[in-house]
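Please consult the sequence and the model below.

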Amino acid sequence: MLPSRSRLSVAVFLLPPLLVYGIAVLLPIVQSLFLSLFSWDGISSPEFIGLGNYVRMLTGDDVFWTALGNSLGYLVICLVLQLGGGLLVASLLTALTRGRELVKTLYLLPAVISTVAIAFLFQRIYSTSPEGLLNQLLEFVGLGSLARPWLSDVNTVLAAVSIPEGWRFTGLYVVILYAALIAVPQELEEAARLDGASRWTVFSKIRFPYIRPVWITTTIMAATYSLRGFDIPFLLTNGGPGQASELLTTYMYKKAFVGTDFGYASAISVFIVVECLLAVGLIYLLLRRKADA
Amino acid sequence: MTGTATAVRSAPRTSPLPRPRRRRPDRFKVLTAILVTVIVIVQVYPLAWLFLTSLRTEEDFVTGNPFALPSSITFDNYVRAFSLGNLGLNILNSLIVTLGANVLIVILGMMAAYALQVLGFRFSGVVRGLFLLGIIVPVQIALVPLFVDYSAVGALDTYLSMIIPLAGFAFPLSVYLFSSFFEYIPREMYEAASIDGAGPYRIFLGITLPLSTNTIVSVVLVNSIFIWNDFIFANTFVLSDGLKTIPLGLQNYIGAMGNVDWTATFAAVCVTVTPLLLVFLILNRAMIYGLEAGASKG
């Protein structure tokens, strides 16, 4: 602490940031909690209904449950691609002698591209008429029977909208996990190898435990980013066909800005926040406990 | 096998190793290199395809093999991209929003980090907790309340309506990055300045700010990726064509009945990606540093 600080100086530095943060983040959170207790279409005067919106959401709304299930599916696909893929590529990178920087840069490229552009791109990759990239590729390798309209087939649409999101940010996790992996002390690994440990043992017993704190952070990042995923499903399918790719976020958006059901939409968004907090708590507990064992 | 790997690594080239002992780790490396190459090609191919398509003629795009190089290169798509949409204006709007939000994020982030890390005060733990909340909470929670608030004060459809939430949600991470950097500034520097009679304001401007240049670059780069490409706030709060940022502008390329001039659209995508891509390629070391620092100091 600075010896010459004063209360005034703390206030001068702290209040402007808190003010903007309050307006943009804290106040809206409180407002959402408040609005979720009302029935309101944005025009007529709000009507207090207590927990009515939550009761309706949890007991009377099938679409909500479908969307929740889809959101979890979306989460799983994104986690596998981003964390699994990220860890795999980061581990492979540490074994490379040349071109590491180039690979990292190439991997990060999709993260720089806007979701609208990515949605365009994948719309063309999945399309059937004209024949898209994916279907052409399948025919090329002799799996033409698998070709299908990926975005209008209810069985594939959820995976089809999740993959672009997973793909987009894999590079981010490659970069972070790679930085953690190369920070593992070489002596540890070399000592283990001298003792005859296999590559897998070195990885599972030394490298991975060593990067666990970073792994917890990246898992939390990937999980919360996936649970708030919105752009790509919204742009590619808008939740369709039917509700096959409806996520909680797209459902909430529709309720708010198409149905102008502000109270109900707020209840869903409060649920999304609770879901994120639960996910963070759960990940932290699970990964921590393993670390202690 | 692992024993030889260690031998190769720990014994540098000066001690010549017999050939058979080197072969097995090399095979592992070759396999790794091949695997990485394949993964990178799969990862980057869609982008290369996007770029190549923007140079194809329309007939070539509809009938041609997507894995082949364009049969002839044309820039007509780019001409059409500019005449179909309002790309220049969209780019300008994105620049204004990105610049505005970044200024707020950097200045406010530094100020808050300075108060938390350097000045210190009794309830700093509570304030840190509040900022952490902003990292976890999804942006969707703010959409309805901000829409309601903006319409109450007439702020809908302004640059500010996008800048405020973008800065607000990005700001906690920048506080975090600045805090962890400020930890590394030696206490003695502050103490020496204090003895010379410098107050907290002069120390901020004279010591902390000039030392933070690298962190500022990292913060700006990392945030710019997200802000430049923001879709959800722009789509919710902006209605008039004059304020549309790049993501919204691109949407205009979807014509009536879903008829899309794909080659022109892809050309437009290439144009809008270019500014950020150039910055990224030039400064990617700083950006990668920022990403690594952001997560690994958790």
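At what angle do helix H1 of chain A and helix H7 of chain B pack? In this predicted model, local features need pLDDT of at least 70 and side-chain atom pairs count only at pLDDT 80 or more, while totals for chains, interfaces and linings use all residues. Residues are numbered from 1 along each chain as its sequence is written, and chains are lettered from A and ligands numbered from 1 in the order in which they are written.

**Helix packing between chains**

- H1 (residues 7-35) of chain A and H7 (residues 143-153) of chain B pack at about 95°, with axes 8 Å apart.
- H1(A) is therefore roughly perpendicular to H7(B) (65 to 115 degrees).
- A:Pro28, A:Gln31, A:Ser32 and A:Leu35 of H1(A) meet B:Val144, B:Pro145 and B:Leu146 of H7(B) (contact: C-beta atoms, placed from the backbone, within 7 Å).

**Chain A with chain B**

- The contact involves 84 residues from chain A and 79 residues from chain B.
- On the side of chain A that touches chain B, H1(A) gives the most, with 17 residues.
- That side of chain A has 59 nonpolar, 17 polar and eight charged residues.

**Domains of chain B**

- Chain B is divided into domain 1 (2-79) and domain 2 (85-296), with bounds from an automatic or database domain assignment.
- Nine residues from domain 1 and eight residues from domain 2 of chain B form their contact.
- H2(B) gives the most to the domain 1 side that touches domain 2 of chain B, with three residues.

Methods. Axes are lines fitted to C-alpha atoms, for helices over the stretch in contact, and angles run from 0 to 180 degrees between N-to-C directions. Helices (H or I, at least four residues) and strands (E, at least two) are DSSP runs, numbered from the N terminus. Angles under 35 degrees count as roughly parallel, over 145 as roughly antiparallel, 65 to 115 as roughly perpendicular and the rest as oblique. Two residues are in contact if their C-beta atoms, placed from the backbone, lie within 7 Å. Ala, Val, Leu, Ile, Met, Phe, Trp, Tyr, Cys and Pro count as nonpolar, Asp, Glu, Lys and Arg as charged, and the others, Gly among them, as polar.
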